[in-house]
Amino acid sequence: MFIMEKRYDSRVRLTVAIPDPLREYRILKLLIQPLVENSLLHGLEPKKEGGSIRITAYTDDCRLYIEVKDNGAGTDEHEIQKRLRSEAEDSSVFALRNIDDRIKLHYGEEFGLSFSSKKEVGTCVTLALPYEASNSILR
């Protein structure tokens, strides 16, 4: 993000709001970075005035949720959902599908990502991962 902040100057703001106990919780590598990059490239870059990206994390009894949310250009949520479910190769959703597949392969079909977006409002991608309060490292 340091490099992107230099590239985009003051057009992009990143906020990370993760409670201290969750900051030590380990997840698979490279789950969040491509989501932030997508927010920059597809959400904020098209907007002349830029915008913000907010990363948050929270839990319930058995899941850890990590959200990457932007106030960028947004997109047609139903079209993206359709592309994610499609068997056809689609470079526009490659990163999202790759992340979802990796999560499902490692943790099970009940975990993965969800996507919500609205044009001119922004996009939110949520990762759902297993969570055990007594275990600070996901395996």
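Analyst: We begin with a term: a residue is called buried when its relative accessible area is under 20%, and exposed when that value is over 50%. Please also bear in mind that this is a predicted model.

User: Which residues of H5 are buried?

Analyst: The buried residues of helix H5 are Leu96, Arg97, Ile99, Asp100, Ile103 and Tyr107. Seen down the helix axis, the buried residues of H5 fall within an arc of 160°, so they line one face of the helix.

User: What do the buried residues of H5 pack against, and what lies on the face turned away?

Analyst: The buried residues of H5 pack against H3, H4, E4 and E5. On the face turned away from the buried side are the exposed residues Phe94 and Leu105. After the helix comes glycine 108, with a positive phi near 125°.

User: How should I read a salt bridge, and how many are found in the whole structure?

Analyst: One looks for a side-chain nitrogen of Lys or Arg within 4 Å of a carboxyl oxygen of Asp or Glu. A search of the whole structure finds three such salt bridges. One of them is in H5, where lysine 104 and aspartate 100 lie four residues apart, about one turn of the helix. The closest N and O atoms of this pair are 3.5 Å apart. Aspartate 100 is buried, with a relative accessible area of 16%, whereas lysine 104, at 22%, counts as partly exposed.

User: Where are the other salt bridges, and are their residues buried or exposed?

Analyst: Aspartate 20 and arginine 23 form a salt bridge whose closest N and O atoms are 3.7 Å apart. These two residues are three apart in helix H2 (residues 20-23), and are therefore separated by about one helical turn. Aspartate 20 counts as exposed at 61% relative accessibility, and arginine 23 as partly exposed at 46%. Glutamate 49 forms a salt bridge with lysine 47, with 3.6 Å between the closest N and O atoms. Here glutamate 49 is exposed at 55%, while lysine 47 is buried at 17%.

User: How do I read the pairing of the strands?

Analyst: Strand E1 (residues 12-17) and strand E2 (residues 51-59) run parallel and are joined by six bridges. Within this pairing, alanine 17 stands opposite threonine 56 in E2. E2 also pairs with strand E3 (residues 63-70), in the antiparallel sense, over seven bridges. Isoleucine 53 has aspartate 70 in E3 as its bridge partner. E2 and E3 form a hairpin, with three residues between them.

User: Which residues have the most contacts inside the largest nonpolar core?

Analyst: A nonpolar core is traced through buried nonpolar residues whose side-chain atoms lie within 4.5 Å. The largest one here has 32 residues, and those with the most contacts inside it are Leu40, Leu64, Ile103 and Leu127. The elements that give two or more residues to this core include H1, H3, H4 and H5, together with the strands E2, E3, E4 and E5.

Key:
Residues numbered from 1 in each chain as written. Predicted model: local features only at pLDDT ≥ 70, side-chain atom pairs only at ≥ 80, totals over all residues. Heavy atoms only, no water. Pairing = 2+ DSSP bridges. Buried < 20%, exposed > 50% of the residue type's maximum accessible area, 1.4 Å probe, protein only. Arc of directions from axis to C-beta. Contact = heavy atoms within 4.5 Å.
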